Amino acid sequence: MSPVLEVEDLTISFRVDDGPSVDAVQGVSFAVNAGERLGLVGESGCGKSTTLFALMGLLPNTAVVGGNVMIDGRNVLREGPEALRAARWSDVAMVFQGAMNAFNPVKTIGWQITEAMEVKGTFTGKAALKRTGDLLELVGIPAERAARFPHEFSGGMRQRAALAMALANDPKVLLADEPTTALDVMVQAQILDLLERLTDELELALVLVTHDLPMVTETCRRAAIMYAGKIVEEGPTETLYRDPRHPYTRLLFEAMPEIGEDRTVASIPGAPPRMDRPIVGCSFAPRCPSAMDVCRADLPDTRDVGARHIAACHLNDPDRVVATQGSVT
Amino acid sequence: MKRTDWLIRRLLRALITTFVIITFNFFLFRIMPGDATANLSRIPHATPELKAEIARQFGLDKSKWEQYLAYLGQLAHGNLGLSFTSQQPVVSVLWDAMVHSFPMVALGTVLSVVFGIASGLWAAWRRGGWQEKTSTASAMFFYSLPTQFLGLMLILVFVTWLGWFPAGGTGNEFNFLENPSGATKMADTLRSMFLPALTLALILYGQYTLIVRSGLLETLGEDYVLTAKAKGLSDRRIMMKHAFRNGMLPVVTLIALSFGFIAAGTILVEAVFSYPGIGLLTANAIKSRDYPVLQGAFLMITVSVIVFNLLADLYYFKLDPRITT
Amino acid sequence: MSQIVLAPTPEDAAAEKSRRAPLSWVWRQLKSNPGAATGGIVFLVFLLVSLPARLVAPYDPHATFATGYRPPSPAHWLGLDDGGHDMVSLLIYGTRTSIFVGFGASIIAIVIGVGLGLAAGYWGRATDAGISSITDFFLVIPEVPLMMVIAAVWGQGLGKMILIIGGLLWTWTVRVIRSQVMSVKERVYVRRAKALGATDWRIVTRHVLPQVAPLIIVNFVLTVAVAVFDESALSFLGLGDPRAISLGRILENADQGGAATLGAWWALVPAGAVIAILILSLTLMGQAVEDALNPRLKVSHLSRKHFLLLPNVRTGAGRPDPTPGARQGEILGDVA
């Protein structure tokens with residue numbers, strides 16, 4: 001079964017008026033199968049949201065992009081602007097961070113959902129209206145609410161409506177950018193539940209971008225950890241938890257507080273590097289408790305370290321002479 | 001329910017403003033240095049009987065307060081006094097003037113709004129391109145020209161040098177010499193209306209362009225525009241169905257605020273072209289210190305602006321579903 | 001009870017930058033915007049040339065050299081007006097007067113506007129309600145006709161004109177300053193200062209005013225432009241100071257003397273052009289700073305240019321070919 005979403009060596013830089021370019025994403029690759037949920041985790045500014053925007057070609061004109069994005073076998077970025085526009089919302093759709101503002105305030109929710117279908121021709125007229133109602137019901141909103149304006153919905157309901165709109169044309173890939181920010185915990189749980197259920201039922205491939213690791217461990221079977229524009233580790237979430245192969249991953253999991261645990265919550269001291277300067281060696285080295293000399297000199301390769309598990313860390317290098325300050329765990 | 005509250009408040013405000021203006025108008029002309037109460041009766045060559053009648057109507061020998069009430073009373077009856085220069089009733093003079101001004105100003109304003117919106121849209125659509133630069137440069141250029149100067153320039157070029165248009169008036173002169181057909185009259189009227197209207201249009205459009213451009217740009221940076229783009233909508237659809245409507249909301253308010261500028265422009269334009277409308281009336285009344293006419297004209301102009309502002313409020317109300325108290 | 005401060009808005013961020021050193025921030029904005037820089041230089045040139053009018057003007061503006069209009073000649077570069085006066089000299093004196101009126105009126109308007117705006121924004125509630133209703137009232141009334149009527153009744157004179165114009169131009173400023181003050185009032189460091197017991201005066205001068213300073217500068221510049229226009233309008237209807245030479249009066253004179261119908265363009269075009277140039281240069285400067293204060297205008301999801309797509313360097317097995325014929329840096333993708 002070939003993956004429905006394949007990202008290959010994606011690089012994104014932003015040109016800045018007076019200064020060096022910002023290399024926001026530096027060679028990111030991952031793949032997601034139908035019905036699979038991948039969590040893309042990292043601190044603010046690590047490039048995860050930018051990556052997501054690139055998958056739909058929604059980058060500003062200051063961006064310089066390299067690499068390939070394959071959705072259902074089609075190279076969406078390289079088939080021309082019309083093909084890209086056609087792919088948007090029919091093959092791949094997105095739920096934005098703070099969907100509070102994703103809706104046009106002077107049009108009803110129903111109108112905007114119907115628009116998504118009519119523009120693509122998937123449903124028109126009465127059929128589109130009926131489906132709008134069905135989609136709203138699917139996400140737990142009474143169908144009559146379609147005639148209301150966005151400001152008449154609560155934040156959580158708007159997020160659900162945004163989800164309904166994203167599913168309008170039966171996309172194969174669903175992208176979610178921090179879909180639960182600014183929502184309270186109860187609503188968060190509902191949204192995540194909804195995402196899980198829908199990706200299972202509809203066999204969607206989901207990429208969930210978030211800084212919230214607990215959310216990912218709950219919802220996603222696979223996770224990719226991003227740091228400073230690169231993926232430093234990727235694999236089954238369970239494995240990342242039990243057997244992390246990158247110090248950053250380990251520290252992230254250690255920073256997750258658990259109820260009933262009796263230890264001080266660890267945090268990772270320091271800050272991510274600036275992205276407008278070239279980095280020598282591993283970008284995590286300055287903050288890494290296990291950093292060695294080679295880390296500061298050479299960029300670590302991305303290696304297979306298990307079943308569908310990769311990591312980019314010198315500690316996994318089998319040729320390295322193992323001194324006692326050895327393994328990751 | 002809440003929405004109608006807003007409407008009612010706006011209406012009330014318009015009425016109160018009108019009332020304050022009437023009061024201000026009254027007191028301004030009575031507190032003039034020099035002559036105290038008798039200005040209204042200072043009609044040259046008036047017969048003593050006429051003077052006495054005016055004095056009675058406006059209570060000119062009584063206290064300020066009683067004069068004020070008398071004034072309000074006369075106002076309610078549509079009596080604004082007599083012109084110093086022509087001894088005609090101010091009301092009829094005003095009415096004739098307004099009838100002439102209205103089509104000219106309407107033409108100019110419509111032209112400027114249409115062209116302003118079009119060029120503002122064009123500039124915002126192609127942000128960063130030559131279209132935006134040309135559009136804004138042109139808008140700023142015309143916006144900076146003094147109204148009377150542009151009018152005089154148009155006369156210099158199109159009347160004196162090129163001879164395409166008549167020198168002034170509305171061509172009513174024709175009525176005495178021949179009896180032209182309705183179409184010829186219409187054509188003549190349009191010809192003499194055109195340059196003044198064009199002047200107004202050129203002066204105004206620049207401001208509208210800049211307002212529309214910045215209103216749209218702000219809209220185009222909003223999240224829901226990004227969502228619309230993500231939905232695969234074409235640029236044109238995004239602009240026309242989403243951005244335009246939202247971007248226009250503040251524009252309606254800002255255009256309404258320019259009604260005052262239109263009023264000023266009308267006075268200057270009609271003075272330059274000797275166009276027999278309320279602007280020329282005002283200008284002449286200022287020059288000849290014909291206070292009753294000036295007072296009446298000012299009132300008329302101000303009330304018109306208030307009324308149009310109210311209409312703009314109503315239109316905004318219709319456009320934006322979010323309006324509550 | 002402390003409130004969580006939400007993430008700063010783009011305006012807040014821009015304001016932070018301008019907070020540190022408002023004047024130098026404004027200066028940088030002006031320098032970096034080519035239109036504004038040009039405008040600034042041009043305005044400065046006009047100011048410097050017209051200020052020492054007696055030294056710069058070739059002739060006494062009241063001296064007559066002929067009985068009527070004369071076209072430009074080597075002795076009189078812009079000819080003579082209908083009274084036989086040298087146009088160039090008239091223009092120089094006129095520019096000085098107009099700039100003077102513009103600045104004078106604008107200072108009055110800004111002082112009133114900022115004062116009222118601060119009061120309304122800072123003390124809020126009743127003060128705000130009162131000031132706002134007065135401001136809204138004035139906003140609806142057409143200013144220039146009102147100025148004309150007051151001038152017609154009160155009388156002519158440079159001082160009176162400055163007072164009349166300045167006395168009616170403050171409304172826009174009040175609104176703008178008021179809303180800025182209201183947002184500044186909520187910022188953390190202001191609330192902290194208040195909690196520490198700083199007096200209102202100290203808070204306003206040390207915290208609020210610096211934040212509002214760029215906005216005041218913008219408003220001042222734009223108000224001068226409007227005041228110059230208003231002077232020309234008032235003078236055109238004969239309401240200017242009969243003893244003073246202003247650009248507006250030169251235009252009035254041109255109209256009275258029939259310059260347009262007689263084709264005496266030299267008596268008309270230069271004066272109007274100077275007014276337009278003054279207004280344009282001031283507007284360019286004001287707009288540049290205003291745009292900089294409003295960072296939202298920078299992002300537009302629809303724009304002419306698209307993002308740059310780099311061609312694939314290597315083609316491994318099973319990978320699609322790079323777009324045929326693509327050269328390094330060729331624009332391929334369409335985007336937001």
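In which sense, parallel or antiparallel, do S10(A) and strand S12 (residues 309–312) of chain A pair? They pair in the antiparallel sense, over two bridges. The views below come from a predicted model.

**View 1. Strand S10 of chain A pairs with S9(A) and with S12(A).**
S10(A) covers residues 230–236. Strand S9 of chain A, residues 222–227, is joined to S10(A) by six bridges. These two strands run antiparallel. A:Arg222 sits opposite A:Pro236 of S10(A). Two residues lie between the strands of this hairpin. In it, A:Ala228 adopts a positive phi near 50°. S12(A) pairs with S10(A) through two bridges. Here A:Glu233 has A:Ala311 of S12(A) as its bridge partner. Is S10(A) enclosed or open? Six of its seven residues are buried, so the rest of the structure largely encloses the strand.

**View 2. Chain B meets chain A, with helix H9 of chain B giving the largest share of its side.**
On chain B, 16 residues are in contact with 20 residues of chain A. Helix H9 (223–230) and helix H10 (235–257) of chain B each supply at least two residues of the side that touches chain A. H9(B) gives six residues, the largest share of that side. By class, this side of chain B holds five nonpolar, four polar and seven charged residues.

**View 3. B:Gly277 lies in a loop of chain B.**
The loop runs between helix H11 (259–273) and helix H12 (278–287) of chain B. Is B:Gly277 buried or exposed? The residue has 25 C-beta neighbours inside 10 Å, so B:Gly277 counts as buried. Which residues does B:Gly277 contact, leaving aside neighbours within four places in sequence? They are B:Ala97, B:His100, B:Ser101, B:Met104 and B:Glu270. B:Asn309 is 32 residues from B:Gly277 in sequence. In space, the two are 21 Å apart, C-alpha to C-alpha.

**View 4. Chain C meets chain B through residues of several helices.**
Here 44 residues of chain C are in contact with 55 residues of chain B. Helix H6 (125–140), helix H7 (143–154) and helix H13 (259–262) of chain C are among the elements that give two or more residues to this side. H11, H12 and H14 of chain C also give two or more. The side of chain C that touches chain B has 30 nonpolar, nine polar and five charged residues.

**View 5. Helices H11 and H12 of chain C pack at an angle of about 35°.**
H11(C) spans residues 200–236, and H12(C) spans residues 247–256. Their axes are 7 Å apart. The crossing of H11(C) past H12(C) is right-handed. H11(C) makes the contact with C:Glu231, C:Ser232, C:Leu234, C:Ser235 and C:Phe236. From H12(C), the residues of the contact include C:Leu247, C:Gly248, C:Arg249 and C:Leu251. C:Glu252 and C:Asp255 of H12(C) also take part. By class, the residues of this contact are four nonpolar, three polar and four charged.

**View 6. Helix H14 of chain C is mostly covered.**
H14(C) consists of 25 residues, 269–293. Of these, 21 are buried. How far apart are the end C-alpha atoms of H14(C)? They are 36 Å apart, which agrees with the 36 Å that the helix should span at 1.5 Å a residue. Chain C as a whole has 14 helices and one strand. Of its 336 residues, 49% count as buried.

Definitions and conventions:
Residues numbered from 1 in each chain as written. Chains lettered and ligands numbered in written order. Predicted model: local features only at pLDDT ≥ 70, side-chain atom pairs only at ≥ 80, totals over all residues. Buried ≥ 20, exposed ≤ 12 C-beta atoms within 10 Å, placed from the backbone. Helix = DSSP H or I, 4+ residues; strand = E, 2+ residues; numbered from the N terminus. Pairing = 2+ DSSP bridges. Contact = placed C-beta atoms within 7 Å. Nonpolar A, V, L, I, M, F, W, Y, C, P; charged D, E, K, R; others polar. Expected span 1.5 Å × (residues − 1). Axes fitted to C-alpha atoms, helices over the stretch in contact; angles between N-to-C directions. Left-handed = near helix turned anticlockwise from the far one by under 90°.
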